[in-house]
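Reader: I would like to learn how to read the helices and strands of a protein model, one feature at a time. Could we go through an example together?

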Amino acid sequence: MAKQTFEMTFEGRPLVVEVGQVAKQANGAVVVRYGDTTVLSVAVMSKKIATADFFPLQVNYEEKMYAVGKIPGSFLRREGRAGEKAILTSRCIDRPIRPLFPKDLRNDCSVVATVMSVDPDCSPEITAAIGVSAAIAISDIPWAGPISSVNVGLVDGEIVINPTLEQRAKTDLTLTVASTADLVAMIEAGGNEIDDETMFNAIMAGHEENKKIVKFIQGIVDEVGK
């Protein structure tokens with residue numbers, strides 16, 4: 001497959017999905033750029049059915065020091081186990097995608113999102129979630145996606161989608177909304193005494209923005225999907 005590039009503008013920043021250049025042996029792989037944040041997302045599934053009586057899905061979000069221009073200070077220059085933030089991000093990706101796989105699927109499946117570079121104003125966690133969704137969606141792995149995920153903030157009483165670093169420093173709400181084209185699949189939130197109506201409006205605002213990304217990913221699937 002030759003390299004193909006798909007682009008849209010999302011919340012004033014370019015969102016670019018590249019297909020067909022790297023990880024060509026995977027079932028599905030994309031490089032997603034949101035602003036100057038770049039994440040490689042890969043989805044693979046074994047051909048053999050596992051003996052487990054559950055769906056063996058593994059989701060890994062890989063943070064690397066080089067993504068922010070740093071080199072580990074240890075003698076071996078190696079990075080250790082995943083940090084707490086990486087583990088929590090893996091869970092935030094796992095929760096909305098897992099229910100969309102067939103209930104009887106028993107093949108080992110693994111999705112990995114590796115952060116290549118970070119733009120502080122463009123969340124690598126959100127970029128990874130979008131990338132994972134796109135990678136599975138264009139693959140031959142059975143899945144009822146795509147999904148999308150956004151951050152929602154509340155700055156000076158106004159709902160803000162994917163707030164910048166400066167806005168995140170003064171937001172009264174830190175909300176992650178993941179959804180399909182029709183339904184909100186997952187929310188994770190922390191807030192400073194947010195009333196019910198404001199929270200509901202923030203969730204719905206995030207869902208409306210997710211619909212745009214889902215439509216964008218579906219357009220990619222229609223063109224290059226397996």
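Author: Let us begin with helix length, for which we need one rule: the expected span of a helix is 1.5 Å times one less than its number of residues. Please keep in mind that this model is predicted.

Reader: What span should helix α1 have, and how far apart are its end C-alpha atoms?

Author: Helix α1 covers residues 84–97, and because each residue is counted at 1.5 Å, its 14 residues should span 20 Å, which agrees with the 20 Å between its end C-alpha atoms.

Reader: Which residues of α1 are buried, and what covers them?

Author: Buried here means under 20% relative accessible area, and the buried residues of α1 are Ala86, Thr89, Ser90, Cys92, Ile93, Asp94, Pro96 and Ile97. Their cover includes the strands β5, β6, β9 and β10 together with helix α2. The helix α1 itself lies across β5 and β6, and runs at about 140° to β5.

Reader: How should I read the sheet, and in what order do its strands stand?

Author: Strands of a sheet pair through backbone hydrogen bonds, in either a parallel or an antiparallel way. In this model, 6 strands form an open sheet with mixed pairing, in the order β1-β2-β3-β4-β6-β5. Since β1 and β5 stand at the edges with a single partner strand each, one side of each is left without a neighbour in the sheet. Neighbouring strands of this sheet are turned against each other by 15° on average, direction ignored.

Reader: In which sense do β3 and β4 pair?

Author: Strand β3 (residues 28–34) and strand β4 (residues 37–49) are antiparallel, paired over 7 bridges, and Gly28 stands opposite Ala43 in β4.

Note on methods:
Residues are numbered from 1 along each chain as its sequence is written. This is a predicted model: local features need pLDDT of at least 70, side-chain atom pairs count only at pLDDT 80 or more; totals for chains, interfaces and linings use all residues. Side-chain values use heavy atoms; hydrogens and water are left out. Helices (H or I, at least four residues) and strands (E, at least two) are DSSP runs, numbered from the N terminus. Buried means under 20% relative accessible area, exposed over 50%, partly exposed in between (1.4 Å probe, protein chains only). Contact means heavy atoms within 4.5 Å. Two strands pair if DSSP finds at least two bridges between them. Axes are lines fitted to C-alpha atoms, for helices over the stretch in contact, and angles run from 0 to 180 degrees between N-to-C directions.
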